[in-house]
Structures are given as C-alpha cells and as structure tokens.
Amino acid sequence: MELKFKVQTGIQKPVNEVFDAVYNPTKLSGYFTTGGASAPLDPGTTVEWRFADWEGSDASGFPVHVKEVVPNERIVLEWEAEKGRPDTQVEMTFQAIGDRHTLVTITETGWSETQTGLDSSYSNCQGWMQMSCCLKAFVEHGINLRIGANPKVVWERMHVV
C-alpha cells in the first residue's frame with residue numbers, strides 16, 4: 001500500500017496572490033516558516049525553511065529541494081520526511097476558480113511502508129493542513145495563525161522561571 005495524502009483549501013483571492021504567498025520567502029515567513037525561508041522557490045534550488053516554533057528545526061533549518069515550478073499552477077518539492085530514507089515529494093497545485101477564488105491542493109508521497117512511515121505521513125498531513133489554513137488566513141485577512149499555535153512552545157514560555 002502506498003502511503004500518501006491530499007489536503008485542499010479554498011481561498012478567496014486570485015490565484016496569482018495565493019501562488020505568490022507560497023513562492024515568495026517574505027510572504028511565506030509571514031504565516032508558515034516562522035524562522036524564515038532562505039530564498040524563493042525557484043526550480044533547481046535548495047531552499048532552507050526554518051520553524052522557530054517547532055522543536056525539530058535547528059539553525060540550519062530544513063532543506064527543501066525545488067523540482068518544478070509552473071507560475072500560478074504548480075510547485076513540486078522534495079524533502080526529508082523520515083531520517084535516513086529517500087525524500088518525499090510534495091506537490092502543490094493552484095487552481096483558479098473564477099477571478100477571485102483559488103483551490104490549493106497539497107499532496108505528499110514517498111514514505112516507507114512501515115509504522116514510522118505511517119506516523120510521519122500523518123504528522124505531515126496535519127502540518128500541511130495547518131499550513132493551508134494559515135495561508136488562507138494570511139492571504140484573505142493578513143493574519144498569522146501560527147503565533148502561539150504550538151502547545152509545547154506556549155507551555156514552555158508560560159513556565160519559564
């Protein structure tokens with residue numbers, strides 16, 4: 001059985017605005033990569049995504065290998081989702097629904113068919129759904145839903161002595 005998932009979110013903005021919010025590192029850092037993104041998602045590049053609110057993200061961040069970009073339509077990435085395993089593939093598609101709506105679909109495939117692979121796929125599915133909801137809030141309303149969203153970080157900050 002192949003481990004894969006798909007999440008979708010409708011966003012009430014034109015496709016070019018939604019696409020740019022993922023492609024552009026400054027915008028991406030405004031709602032998703034809380035520790036920054038090193039560069040735009042250009043084909044053939046490796047971009048570092050850092051997450052200041054995520055315990056697995058160190059100073060170097062997560063390397064994201066950009067495989068394909070079709071402006072306003074599709075972004076294909078690969079990254080390490082399981083330690084010591086081949087990279088998984090993430091595909092984001094952007095479908096214009098009229099002039100002012102966009103359907104964003106994110107799929108990820110390539111985990112090992114093990115309990116670790118299954119657990120990792122569930123975790124990433126949760127993460128991409130959160131990302132797409134944060135994208136919607138950022139593009140439609142200019143707000144960052146990630147602030148204070150990680151319960152472990154919030155708990156640690158509340159109990160600093």
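A: Phe-32 and Trp-49 are both buried. Keep in mind that this is a predicted model.

Q: How many aromatic pairs does the structure hold?
A: It holds 12 aromatic pairs. One of them is Phe-19 with Tyr-23, which is stacked, at 6.0 Å centre to centre and 15° between the planes.

Q: Where do Phe-19 and Tyr-23 lie?
A: Both are in helix H1, 4 residues apart, or about one turn of the helix. Phe-19 counts as buried because its relative accessibility is 6%, under the 20% cut-off. Tyr-23 has 22% and so counts as partly exposed.

Q: And what about the rings of Phe-32 and Trp-49?
A: Their centres are 5.5 Å apart and the planes are at 85°, so that pair is edge-to-face. The pair links distant parts of the chain, 17 residues apart: Phe-32 is in the loop between helix H2 and strand S2, and Trp-49 is in strand S3.

Q: Which residues form the aromatic cluster with them?
A: Phe-51, Phe-62, Trp-79 and Trp-128 form one aromatic cluster together with Phe-32 and Trp-49.

Q: Back to H1. Which residues are buried there?
A: Val-15, Val-18, Phe-19, Ala-21 and Val-22 are buried in H1. They cover an arc of only 155° around the axis, so they are on the same side of H1.

Q: New topic: what is the phi of Asn-72?
A: Asn-72 has a positive phi of about 65°, although it is not a glycine. Asn-72 lies in the loop between strands S4 and S5.

Key. Residues are numbered from 1 along each chain as its sequence is written. This is a predicted model: local features need pLDDT of at least 70, side-chain atom pairs count only at pLDDT 80 or more; totals for chains, interfaces and linings use all residues. Side-chain values use heavy atoms; hydrogens and water are left out. Buried means under 20% relative accessible area, exposed over 50%, partly exposed in between (1.4 Å probe, protein chains only). Helices (H or I, at least four residues) and strands (E, at least two) are DSSP runs, numbered from the N terminus. The arc is that of the directions from the helix axis to the C-beta atoms. Rings of Phe, Tyr and Trp (its six-membered ring) pair if their centres lie within 6.5 Å; planes under 30 degrees apart count as stacked, over 60 as edge-to-face and the rest as tilted.
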